[in-house]
There are 2 protein chains.
Amino acid sequence: MDALSDAQQKLMPEMSELLKKRYQILQTISLEQPIGRRTLCEIAGVTEREIRKDTDLLRNQQLIEMKTAGMIVTLQGLEVLENLKGFVRELSGLTDMEVELQEVLGISKIVILPQDSDEIPAVKSHIGKEAARFLEGLFGSYKKIAVTGGSTMAAISKELVGSKADQALQFIAARGGLGEDVLHQANTIAAAFAEKTGGSFKTLYLPDHLSAEAFAMMMREPVIKEMMNLYDQTEVIVHGIGNAKEMAVRRHSSIEEVEKICLGGAVSEAFGYYFDKDGEIVYRIRTAGIQLEQVRKTDIVLAVAGGASKARAILSYSKNVASPTVLITDEGAARKILELTKKLEEL
Amino acid sequence: MDALSDAQQKLMPEMSELLKKRYQILQTISLEQPIGRRTLCEIAGVTEREIRKDTDLLRNQQLIEMKTAGMIVTLQGLEVLENLKGFVRELSGLTDMEVELQEVLGISKIVILPQDSDEIPAVKSHIGKEAARFLEGLFGSYKKIAVTGGSTMAAISKELVGSKADQALQFIAARGGLGEDVLHQANTIAAAFAEKTGGSFKTLYLPDHLSAEAFAMMMREPVIKEMMNLYDQTEVIVHGIGNAKEMAVRRHSSIEEVEKICLGGAVSEAFGYYFDKDGEIVYRIRTAGIQLEQVRKTDIVLAVAGGASKARAILSYSKNVASPTVLITDEGAARKILELTKKLEEL
DNA sequence: AGTGCTGGGACGAAAAATGACCAGACAGAA
DNA sequence: TTCTGTCTGGTCATTTTTCGTCCCAGCACT
């Protein structure tokens, strides 16, 4: 923070919150445009009148335009958004927090986005956008990218922008169905990524909960073997992080599974593995998919997860042997993680 | 203005006025400290409650302290003031206006201070402070400095700070009494300058309105001759600019004088000379003092005058043959000057 | 043609800003 | 010493602004 901004804040402490609020609104519009007031209110979690005051102002400033279809940001608005990006991060103290988190989690690169996706759904889009931008930056050097499922991954795919199609890109579904909704399955996500970027994709269709024999047999199938081969060549893996119990429930796991997971003290889940608070593997779903050892060997492990409710899971997962190299999260999760570690230190 | 500040203003247009207001208050406190709320209100020309809201905030921000004797600025406050100085100027568009004025008036260096000293008396102190700082910067290279009288000059002397006494400095009263109040006479001002800076001073005591014979005789006196000699060696002259009619009245000029001045179309006055709108000499008081030719030869002519009411005078004076090299004025005067010249162009 | 959005308008209620006043405290003068 | 003036901090009715909540006409997509 430079001396000027610092002095500005001394003289106008109310500026900080105001700027952050308006920035958020503008950013949300830019992400969801065209969008109406009501929808915007729901997303931002504030009343209509409050939003209206700010959108009226933004319109007067010619940062957004009101069309019959909804509000859209102008070129000027985009420019403002771009110019203020770093400043808002500084204001929220996110830059400082990133450094702190890097030490706590032992992850070399961390990006924290403002606010909490638990409270404000739109933040999920912001996270997705940031992850998408980061990924796009990798496309030049890396072509074989494994992706998992989940709503977070879906958010990323939405924000990918196919500025220049790259046929060499290959998106590999890191797991089979894993019992998720079709829209959030790794297969669907891989397809979405490929469509947005002009690349190709490889899917893995395998039912969950196979018997040991059936599983062993499937693993000998050529298509499956080919996938396993691809996993070995994976350069980048992008994945979400889940809360162990939530995931177990969502996947309709059997009673024995849930018991194993719970009794084992599982906290986090990623690509079918369940980890306890120390990052030790508690359980893994018996289905084909990328192996932890393969993850370990990939150049870049991009973990994406936000919301205070994911804090424990992130903390747990970041301790596992295949600790991610990059983490994109939000303020809510970051604050909670730091709070948790501080409490731990006090004990 | 950098992109960041620009974007900030787009997003928070109300910030601009707010910042300027608080900056002004803080600056005024710093100049008049210790100062009470009531006094501050009078100076700033706003109601007590309004001031109070801001001073409460400034106190909470620890930029000022409330003592029983009044409010004083803290070290942090001074720092903020310093850091925000340039920004406030930018905000007020003063930087742009300075460039414009430089072209219009043909003066190489112009400094415009915020607000209008006609409306807010404290602005006179700001002008004085700026002039004092500028002068102090010259003390290293220039030692022989001529000063005139007037309230503006008095304001400068108040703001001079004797950080390091310099015995080599010599302040020369540019004129005799010229019928002003004692406190605002050139002699008094020269003494005040000398006292503040640790230098010496030379006064010129000569009654005004001498007959032609008496004047000629006086000019042959050694003390007077010595002064005339000093004027030849003057390196810097600091002076105010007056409105011709006001000055004529204030000096209790004779009826013939006033007639000459008025009929001649005099607009401005400086060191006893009266100039018309084109900068031509209309009349000069017959008393010893620095001559226009001598002013012309000085290295630096620092003219100081503020307030919209002085606009015409400044415009007139800046056209004379000994046009100043530096002008320190305020926003009120600057705006009025530009407005006047624009009207002139339209005709 | 219908339906579900959109922005804009309106209006009472609530909150904040404002203006005006007073009490107690301290500083400096007499 | 006392006295006087100015300072801050507090209070409170009044006004102004803001807020929450509806409703409406119109466009877009189906």
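Where is Gln115(A) found? In this predicted model, Gln115(A) sits in the loop between β3 (109-113) and α7 (122-138) of chain A. Its backbone has a positive phi of about 70°, although Gln115(A) is not a glycine. Is Gln115(A) buried or exposed? Gln115(A) counts as buried because it has 20 C-beta neighbours inside 10 Å, and a count of 20 or more is what burial requires.

Gln115(B) lies in the loop between β3 (109-113) and α7 (122-138) of chain B. Gln115(B) is not a glycine, yet it has a positive phi of about 70°. With 20 C-beta neighbours inside 10 Å, Gln115(B) counts as buried.

The contact between the chains comes next. Chain A gives 19 residues to this contact, and chain B gives 19 residues. On the side of chain A that touches chain B, the elements that supply two or more residues are α1 (3-11), α2 (13-32) and α5 (75-91) of chain A. This side of chain A has 14 nonpolar residues, three polar residues and two charged residues.

The DNA was examined in turn. DNA strand D is surrounded by 17 residues. The closest are Thr47(A), Glu48(A) and Arg49(A), along with Gly36(B) and Arg37(B). By class, the surface near DNA strand D has five nonpolar, six polar and six charged residues.

Within chain B, two helices cross. Packed helices are described by the angle and the distance between their axes. For α2 (13-32) and α4 (48-60) of chain B, the axes come within 11 Å and cross at roughly 75°. That angle makes α2(B) roughly perpendicular to α4(B). From α2(B), the residues in the contact are Lys21(B), Arg22(B), Ile25(B) and Leu26(B). They meet Ile51(B), Asp54(B), Thr55(B) and Leu58(B) in α4(B). The contact of α2(B) with α4(B) has four nonpolar residues, one polar residue and three charged residues.

Chain B also has an open sheet of four strands, in the order β8-β9-β10-β11. The pairing in this sheet is antiparallel. Which strands stand at the edges? They are β8 (242-243) and β11 (281-284) of chain B. Each has a single partner strand, so one side of each is left without a neighbour in the sheet. The partner of β8(B) is β9(B), residues 266-270, and these two strands pair over two bridges. Here Gly242(B) stands opposite Glu269(B) in β9(B). Helix α13 (255-263) of chain B lies across β9, β10 (273-276) and β11 of chain B. This helix runs at about 165° to β11(B).

In chain A, a hairpin was examined. Strands β10 (273-276) and β11 (281-284) of chain A run antiparallel and are joined by three bridges. Tyr273(A) stands opposite Arg284(A) in β11(A). Four residues lie between the strands of this hairpin. In the hairpin, Gly279(A) takes a positive phi near 85°.

Note on methods:
Residues numbered from 1 in each chain as written. Chains lettered and ligands numbered in written order. Predicted model: local features only at pLDDT ≥ 70, side-chain atom pairs only at ≥ 80, totals over all residues. Near = placed C-beta within 6 Å. Nonpolar A, V, L, I, M, F, W, Y, C, P; charged D, E, K, R; others polar. Contact = placed C-beta atoms within 7 Å. Buried ≥ 20, exposed ≤ 12 C-beta atoms within 10 Å, placed from the backbone. Pairing = 2+ DSSP bridges. Axes fitted to C-alpha atoms, helices over the stretch in contact; angles between N-to-C directions. Parallel < 35°, antiparallel > 145°, perpendicular 65-115°, else oblique.
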